[in-house]
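I opened the model and kept short notes on what I looked up. The entries follow in the order I made them.

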Amino acid sequence: MDALRLWIGGPSSRRLMLTSLEAILQRVPPADAISENVFQLAVGTSFNRDAFMDFIARTGYTEEGVADDPGELAVRDCVIDIYPAGAPGPMRIVLDENDNILELHGFDRLSQRTESSLEHVSIGPASEVIKGGDASQDAGPSASTIENLLIRQYDLMPSVFDLLGDTTLILGQGINQRLEHYLDIIDDAQQAHIDFGVADAASRQSLYLDRGEWDEQTGHMRLGTLKVDDGEELPTKPYDADYRKSITRFAQDALQEHKKVLIAGNGKRAEALYRRLEKGADAPNGTVGRWDDVLRATPGSLMKIASNLQEGFLDTSEGIVVVAAPDAPMADTNSHQLLTEPELRIGDVVVHEDHGIGVLKDLETILVENVARDAARLQYRDGDSILVTMREFDKLWRYGSEPDAVSLDRLHTEAWSKKSQKIAQDIVSTARHLSKIAKQRQSSQAQTFIPPRTQFAAFTRRFPFAETRDQSKAINDVLSDLASGKEMNRLVCGDVGFGKTEVALRAAAAVALSGGQVAVIAPTTVLARQHFQTFQQRFEGTDVSVGMMSRLVKPAESKQTKAALAEGKIGVIVATQAIFAKDVRFARLGLLIVDEEHRFGLKEKSAMNRLAPSLHTLMMSATPIPRTLQSAMVGVQEVSLLTTPPSRRRPVRTSLAAFDRASMRTGLMREHRRGGQSFVVVPRIEDIEGVETILKNIAPELSVKVAHGRMPAAKIDETIVGFAGGDGDVLLATNIIENGLDVPRANTMFIWHPERFGLAQLHQLRGRVGRSGAQGRATLLLEEGADLGEDALSRLSTLVESDRLGSGLAISVRDLDLRGGGDIAGDDQAGHMRVIGVGLYQKLLAGAVAELGKKSSPFPQQTILQLDTAATIPANYVSDPATRLNLYAKLSRASSLLEIDDLKEEFEDRFGELPSEVLTLLRTSRVQLSAARLGISKLEAGPKALALTFTPKTPAKVLAQLTKKAGAVRRDDRLIFQVSSGTGEKQLEQFEQILAKANTSTR
């Protein structure tokens, strides 16, 4: 829609539109609906709030607390955030008191912080169904009725060709074959709706072009050609570990071969690369402004151009090397930061450190001694509730479960106190256990593995793809661990298809090429067989022998494999749990690699630890189990996160729909016609017979294969591996296929009764499709009219919403919320996290670990500050209660003055000029943090004096400084300052002065 609007309203020359065949076959709203429904904004102009809100209501935008997805809007008095549907990111409108536009900014959807400044913005519709007249009278479009709504809304819908006008059409290679494929799908879908009882399907206006309309439309257009055969990728990427050196050498070689080299960038990185190459260039031409200038340049020229190009390329026909030099590589991601506590939301189950588990009902403004303060209302069992003021927000933690699944605590009883005391004692015991493990790892010596450079480089070159930035970092971290002489214990957490296997291969090569043995353990025979084939292929041509061990290996062959392992003749063994047999011996086992870590229990992991002393361990998972995730959260286990998707990989589009025979046939036949395969997954073996009957009825021309756990192991293996090799159109299976199965041609999946699967299971299943670069689709099929519980709906909604690439870790954290984390030191998956929640458990455990290590706690005790002044976030400044609540929580948990300064910038950036109440709030937070650092537990202000309560942690020289130079009188554990404190503002200022004097004594 936005692209068509720009085309219609733009200049008639120098226009280029890139689109897909699938998009251009679909009809669109009339030209006037596209061109007239746009809202223009410019800095310095007046903002018509009523017209803007009417536009928002008519064009499909939804108002939310935070605008972080396309089509969302967050309205505050002087700041409006909106994510325009056709924009690369959200934008912020900053207004003055007279509703004039002061600033327009682009901001980051995750951090909500400003990234760029804009002078003018055009906002287009968020929906193709644009309402007319009174927008409130129409129901919003839903995914299941969008086609009906479009046809009902517009009498006649033009084609994209009608709107393009007189222009040249360039069709990509193989377009005719793909056109036939899509037209067949359209015909088949329409026929299926007729066959399976959709009323009046034939007489309705079609949303898509048919064969005759395509021929007629394209027959009137000029056809052009585009040469795409002469382009190649460069051998290295801007975020590869050794990019600077390798790209410099590559460009120098290109110049010596009299190729033209163009450096594309906007900052210091591009300039530095140009200067390095300039010294050896025959003809440095300096800056160019157009591609035509590059074409006209003499061979061997070195040029630079201002550009935001992210990756370079090689034009072989023109002899041009284009090198991308983005100014700054992406910020290195801190693994533990990605594993932090999720934000609170109204309606969440929370745990208060003093009162136990309740439900966060609302954020209210109350009067305390005639001073307005925000307070969170928590509801407990039997409807009892309490108000928690902002000063206690640091005691509030997300419990991590749904309200209906939780037993709330009772107020005014000793039950919570006794329970929490017992858990605190157990956590200290767990902390001792973890500290012991950490000390053993630090003190224990492990074999050092540094692979021979030439052989390892040859092995690396066999990787047929470019490494992602995260892969490069993970590989380097693993190699450093193996060379350190200390025992490696690393988790590689990456979404399905993000390259964990290559990290494992490099680790295995480093050890095996250095003379050590490697054990690769997978949870299923199918996955073990696929890994065996992968490892065998990559180690071909080396001196390393690869073996396999599973229940499907014949006894005689298994006996030979065990003997070869014991003699050291096998360098890499790929196995299932069969490797834990008592008669398995290794000559020099140095590395254990565990794939799909979340599929193994604690007993199996204990067996892994007994395979060899001082064993390097590398675990891999897209969705690590809560126990492992929590180990990473408290820093016991090293973590490498693979969050960058491989090039050309697209997220699997996930939808939730009621079962419909016509739609299911359309999806299966669409996949079949493009040469692909489909999965149909059921939760129970008992479901297979009925679903198989349905499949044969709706798509009799497709070959359906079946796999489930009651089949003989050899038959399961034969069926699944055969399907991966292309035998069959549809695989009907239970969740037996969820682990690591690689079927390159499979791009469509239907999941029957998805509410019966776990969240991590659904994500793993979804990851089986779309692995080859084609668009993958997963449809969660509900029984028509099914009444799902809130927990099931929440789980399924999480999966549908998390359909971006790399969402596995987010889903795992959400699963941790829903299930509880388990006892790290024991075998109880519910564990203490089930009782007190993830956030509080993490705080207590991290504090206990820090205390045992004689380090300062990452969660210091907050100083109580009693003042007669309003220190709040006004509702007319930040209207969304959940956003206010989380801002309070951020302030209460700030551990440095720098964090408070950052929060001040965030307030101003997101919500506009700071009101006096927020300025006071930030000042009180600084005072509390400064006092806490000095061991001061309370600051109190009265009409005639100020009081400071100190603790044994307060330095003696601080007390001496305040007694001698600030005139304080010491009474037991308090210092009294005889001053006329006056207003709350004056009290705050006096405390700031006292703490400033106290801090001078500590420097």
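Is arginine 777 buried, partly exposed or exposed? I looked it up: arginine 777 counts as partly exposed because its relative accessibility is 23%. Buried means under 20% relative accessible area, exposed means over 50%, and partly exposed lies in between (1.4 Å probe, protein chains only).

**Ground rules**

I note that this is a predicted model, in which local features need pLDDT of at least 70 and side-chain atom pairs count only at pLDDT 80 or more, while totals for chains, interfaces and linings use all residues. Residues are numbered from 1 along each chain as its sequence is written, and side-chain values use heavy atoms, with hydrogens and water left out.

**Entry: salt bridges**

I followed arginine 777 to its partner. Arginine 777 forms a salt bridge with glutamate 22, with 3.6 Å between the closest N and O atoms. This pair links distant parts of the chain: glutamate 22 is in helix α2 (residues 21-24) and arginine 777 is in strand β34 (residues 777-782), 755 residues apart. Glutamate 22 has 36% relative accessibility, so it counts as partly exposed.

The rule I used: a side-chain nitrogen of Lys or Arg within 4 Å of a carboxyl oxygen of Asp or Glu. By this rule I get 37 salt bridges. Helices (H or I, at least four residues) and strands (E, at least two) are DSSP runs, numbered from the N terminus.

I then checked arginine 710. Its salt bridge is with glutamate 686, and the closest N and O atoms are 3.2 Å apart. The two sit in distant parts of the chain, 24 residues apart: arginine 710 in the loop between β31 (704-707) and α22 (713-724), glutamate 686 in the loop between β30 (677-681) and α21 (688-698). Both arginine 710 and glutamate 686 are exposed.

Glutamate 567 and lysine 569 also meet through their side chains, at 3.0 Å from N to O. Lysine 569 counts as exposed because its relative accessibility is 60%. I also found a network of salt bridges that links Glu467, Glu502, Arg506 and Arg538.

**Entry: whole-chain totals**

I counted 32 helices and 39 strands in the protein. It has 1003 residues, and 51% of them count as buried. The accessible surface comes to about 46,800 Å² (Shrake-Rupley method, 1.4 Å probe; for residues, only the protein chains shown count as cover). Carbon and sulfur atoms hold 49% of that surface.

For contacts I took heavy atoms within 4.5 Å. Among contacts with a separation of 6 or more, 72% are between residues 24 or more positions apart.

**Entry: cavities**

How many cavities of 30 Å³ or more does a search of the whole structure find? It finds 4. A cavity is a set of points on a 1 Å grid, over the protein atoms alone, where a 1.4 Å probe fits but cannot get out; lining residues have an atom within 4 Å of a point. Points are joined across faces, edges and corners, and the volume is the space filled by probe spheres set on them.

The largest cavity has a volume of about 200 Å³. Its lining has 15 residues, and Arg373, Met390, Arg391, Leu865 and Ala871 lie nearest its centre. The elements that give two or more residues to this lining are β19 (371-379), β35 (864-866) and α30 (916-933). Of these, α30 gives the most, with 3 residues.

**Entry: buried spots**

In helix α1 (residues 2-9), I found Asp2, Leu4, Arg5 and Trp7 buried. The buried residues of α1 pack against α3 (31-36), β8 (120-123) and α6 (160-164).

Glycine 667 is in helix α20 (residues 661-673). It counts as buried because its relative accessible area is 4%. Beyond its neighbours within four places in sequence, glycine 667 contacts Thr748 and Phe750.

**Entry: backbone angles**

Most residues other than glycine have a negative phi. I looked for exceptions. Aspartate 382 has a positive phi of about 65 degrees. It sits in the loop between β19 and β20 (385-389), and at 62% relative accessibility it counts as exposed. Aspartate 99 has a phi near 60 degrees, also positive, in the loop between β5 (91-95) and β6 (101-107).

Note on methods: 1 Å grid on protein atoms, 1.4 Å probe; cavity = no way out; pocket = protein on both sides within 12 Å on 5 of 7 lines; lining within 4 Å.
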